[in-house]
Amino acid sequence: MILSLALALLTACTAFITSAPPTTPSPTAVPTITPLTAEEEAIFAQKRERMVIETIERRGITDEDVLRAMRAVPRHLFVPEEERDYAYGDFPLPIGYGQTISQPYIVALMTELLELKEGDKVLEVGTGSGYQAAILAEIPGVEVYSIEIIPELAESARKRLESLGYTNVHCKQGDGYYGWPEYAPFDAIIVTAAPDHVPPPLMDQLAEGGRLVIPIGPPGGYQTLWKFVKQPDGELQAFNMGGVAFVPLTGPGAEEHPHQGGYEWPTP
Ligand code: SAM
């Protein structure tokens, strides 16, 4: 296994990148889509444009498809109504059931790291609100498979993505630790909740040359964001992309398989 700490795009940052708030948010109602006036939509569009310029482009995201996706997806429709006014701030927000929608910059960064191209099949573990899945689905010619473990979130995200017209997103409820073998191999896999090791089924379901982007670290703490690239011999080339804070990967897969070592996480 080749370990590269040289790609320190993010490690140069002094602050940790947070994808989840330090405290677990209390459950809120599953967000619904209620119609907004044209004026309200225009205000949200303005806020979204400012978010892309100030927190996505300015922090170094350059992939044109990713920037276009971040401009296209209405994040305010993926958060509970009481959070809408904060939808374009660069921080995670509660979506109910103790879960969060990730910080926009992290969504953009992880999407860029996947290096998606036309014809790629991408697996997401942790559908949550469906926002990351929608961003992936905006990349031209990409097919998205997304798994969420909490039934209520899985169902509301599926409905939301359907109502927004994302026919290239396929959702299922289940334990993403085991991936989605029926559609493997995947050209890219993104995990948006943190296990303390790379789930072997995800490694197996990654195509040769495939990219896996995943936070790894102890439950409830900070993690390291890793990008792995599968080599022709099946080994993973590893790139440390810096510190992050995600909610833990839960479920039988993560609980029944102990930490297997191999990748370090930072001490805060
Ligand atoms: N990608 C989401 C979005 O755009 O809203 C945010 C993801 S949130 C930070 C992490 C999600 O992973 C939660 O919804 C959580 O329920 C889910 N999750 C945790 N463990 C999981 C597992 N084993 N399989 C699938 N989903 C899981």
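What share of the contacts in the protein with a separation of 6 or more is accounted for by residues 24 or more positions apart? The share is 63%, where two residues are in contact if their C-beta atoms, placed from the backbone, lie within 7 Å. This is a predicted model, in which local features need pLDDT of at least 70 and side-chain atom pairs count only at pLDDT 80 or more, while totals for chains, interfaces and linings use all residues. Residues are numbered from 1 along each chain as its sequence is written.

**Overall architecture**

- The protein has 7 helices and 11 strands; helices (H or I, at least four residues) and strands (E, at least two) are DSSP runs, numbered from the N terminus.
- Of the 268 residues, 49% count as buried; a residue is buried if 20 or more other C-beta atoms lie within 10 Å of its own, exposed if 12 or fewer, and partly exposed in between, with C-beta atoms placed from the backbone.

- Two packed helices are described by the angle between their axes and the distance between the axes.
- Helix α1 (residues 38-57) packs with helix α2 (residues 64-72) at an angle of about 145 degrees, and their axes are 9 Å apart. Axes are lines fitted to C-alpha atoms, for helices over the stretch in contact, and angles run from 0 to 180 degrees between N-to-C directions.
- The α1 and α2 crossing is right-handed; a crossing is left-handed if the near helix is turned anticlockwise from the far one by less than a right angle, and right-handed if clockwise.
- On the α1 side the contact is made by R48, E49, V52, I56 and E57, and on the α2 side by L67, M70 and R71.
- By class, this contact of α1 with α2 has 4 nonpolar, no polar and 4 charged residues; Ala, Val, Leu, Ile, Met, Phe, Trp, Tyr, Cys and Pro count as nonpolar, Asp, Glu, Lys and Arg as charged, and the others, Gly among them, as polar.
- Helices α2 and α3 also pack at an angle of about 145 degrees, with axes 9 Å apart, and their crossing is right-handed.
- V66, A69 and M70 of α2 make this contact with P104, A108, T111 and E112 of α3; by class it has 5 nonpolar, 1 polar and 1 charged residues.

- Helix α3 is largely enclosed by the rest of the structure, because 9 of its 10 residues are buried.
- The buried residues of α3 are P104, Y105, I106, V107, A108, L109, M110, T111 and L113.
- Just after α3, E115 takes a positive phi of about 50 degrees; E115 is found in the loop between α3 (104-113) and β5 (121-125).
- E115 counts as partly exposed, because it has 16 C-beta neighbours inside 10 Å.

**Helix α5**

- The 13 residues of helix α5 (residues 151-163) should span 18 Å at 1.5 Å a residue, and its end C-alpha atoms are 18 Å apart, which agrees; the expected span is 1.5 Å times one less than the number of residues.
- Buried in α5 are L153, A154, S156, A157, R158, R160 and L161.
- These buried residues pack against β3 (93-96), β4 (99-101), α4 (131-137), β6 (143-148) and β7 (169-173).
- After α5 comes G165, with a positive phi near 90 degrees.

**Surroundings of the ligand**

- The ligand is surrounded by 29 residues, of which G126, G128, S129, Q132 and G176 are the closest; a residue is near a molecule if its C-beta atom, placed from the backbone, lies within 6 Å of it.
- Elements giving two or more residues to this shell are β4, α4, β6 and α7 (252-256), and β4 gives the most, with 3 residues.
- By class, the shell has 14 nonpolar, 13 polar and 2 charged residues.

**Backbone exceptions**

- Most residues other than glycine have a negative phi, and most peptide bonds are trans.
- Y97, in the loop between β3 and β4, has a positive phi of about 60 degrees although it is not a glycine.
- Y97 is partly exposed, with 17 other C-beta atoms within 10 Å.
- The peptide bond from A184 to P185 is cis, with omega near 0 degrees; P185 lies in the loop between β7 and β8 (186-191).

**G210 in strand β9**

- G210 belongs to strand β9 (residues 206-216) and is buried, with 24 other C-beta atoms within 10 Å.
- Leaving aside neighbours within four places in sequence, G210 is in contact with P185, F186, D187, A188 and K230.
- G210 and K230 are 20 residues apart in sequence, and their C-alpha atoms are 5.4 Å apart in space.
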